[in-house]
Amino acid sequence: MNRDEALARLRRVAGAGETVIGAGAGTGLSAKCAEAGGSDLIIIYNSGRYRMAGRGSLAGLLPYGDANAIVVDMAREVLPVVRDTPVLAGVCGTDPFRRMEVFLAELKSLGFAGVQNFPTVGLIDGTFRANLEETGMGFDLEVAMVRQAREMDLLTAPYVFDTDQARRMAEVGADVVVAHMGLTTSGTIGAQSALTLEESVRRVQEIADAAREVSPEVLVLCHGGPIAEPDDAGHVLANTRGVSGFFGASSMERLPTETAMTQTMRRYKELRSASG
């Protein structure tokens, strides 16, 4: 599916008053289930692999593997089993060992419809973040990657963490802006430190307003932090304007898997044999 087809699909969903749903997939089975459930977008990136291996999603920001190589490897598992849903690649735009225009062309040739900026330095703050920016490994490179992807006719759905980033991504032609509220809470490996849901409502609205000031056609999705369950997403959507939907990763595959498998195991353990 190319960018025009994918974007037209998303706009049809939003135009009909329905909720646009994006789903992160760390395995082929996750992708198949997301598509069967009606997901409008599927996104794969290195944290999906770590997450489904029982590690926290922030493992994707640490030096445990080559993030861009991992997403290419995951493509072999995911792309063949997804039939009708656009699949986006998580791209580490700060990767100093790749010519980004060559890598983006490779992703397009593999069958990806678009990209998202992950791993992202947007999740890093403090002195370490300042040092990354000072040494040429900052958010500017992620903006440049999204601009290049847009010029190559790939769908772009970048994460943004504040209003300035929202404007910058909209300026370079982002089709979708995903308002990131931080690491998802809940479950066995979820974050404990997070914004409240009401704080997220305010921040999502600010990001949506900023992006749409620059590009009225841009679609805005919410993601992360305390927005961990369908009711959480519903609350944010009901209390914001101009937000078209929700993108979930941990909330789409890790939390449902933890719940379903744990409950199923408990049901098996409750069985009793005739001799027992």
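The following paragraphs lead from the overall dimensions of this predicted model to its sheet and then to its salt bridges.

Residues are numbered from 1 along each chain as its sequence is written, and side-chain values rest on heavy atoms, with hydrogens and water left out. Because the model is predicted, local features need a pLDDT of at least 70 and side-chain atom pairs count only at pLDDT 80 or more, whereas totals for chains, interfaces and linings use all residues.

The protein has 11 helices and nine strands, where helices (H or I, at least four residues) and strands (E, at least two) are DSSP runs numbered from the N terminus. The radius of gyration is 18 Å, close to the 19 Å that the globule rule gives for 276 residues, so the protein is as compact as a globular protein of that length; this radius is taken over C-alpha atoms, and the rule is 2.2 Å times the number of residues to the power 0.38. Along the principal axes, the C-alpha trace spans about 70 × 40 × 40 Å. Of the 276 residues, 51% count as buried, a class that means under 20% relative accessible area, with exposed meaning over 50% and partly exposed lying in between (1.4 Å probe, protein chains only). The accessible surface comes to about 12800 Å², of which 52% belongs to carbon and sulfur atoms; accessible areas come from the Shrake-Rupley method with a 1.4 Å probe, and for residues only the protein chains shown count as cover.

The nine strands of the open sheet follow the order 5-4-3-2-1-9-8-7-6, with parallel pairing, two strands being paired if DSSP finds at least two bridges between them. Strand 5 and strand 6 (159–160) stand at the edges with a single partner strand each, so one side of each is left without a neighbour in the sheet. Within this order, strand 1 (residues 20–24) runs parallel to strand 9 (residues 245–248) and is joined to strand 9 by four bridges, and Ile21 stands opposite Phe246 in strand 9.

The structure also holds 17 salt bridges, each defined as a side-chain nitrogen of Lys or Arg within 4 Å of a carboxyl oxygen of Asp or Glu. One of them pairs Arg3 with Asp153, with the closest N and O atoms 3.8 Å apart. Arg3 lies in helix 1 (residues 3–15) and Asp153 in the loop between helix 7 (139–151) and strand 5 (155–156), so this pair ties together parts that are 150 residues apart in sequence. Arg3 is buried at 9% relative accessible area, while Asp153, at 30%, is partly exposed. Both residues belong to a network of salt bridges that also links Asp4 and Asp175.

A further salt bridge joins Arg51 to Glu253, at 3.0 Å between the closest N and O atoms. Since Arg51 lies in helix 3 and Glu253 in helix 11 (residues 250–269), the pair ties together parts that are 202 residues apart in sequence. Arg51 is buried at 4% relative accessibility, and Glu253 is buried at 3%.

Helix 3 (residues 46–52) also carries Arg49, whose side chain meets that of Asp73 in a salt bridge (3.0 Å, N to O). Asp73 lies in helix 4 (residues 67–78), so the pair ties together parts that are 24 residues apart in sequence. Arg49 is partly exposed at 30% relative accessibility, and Asp73 is partly exposed at 27%.
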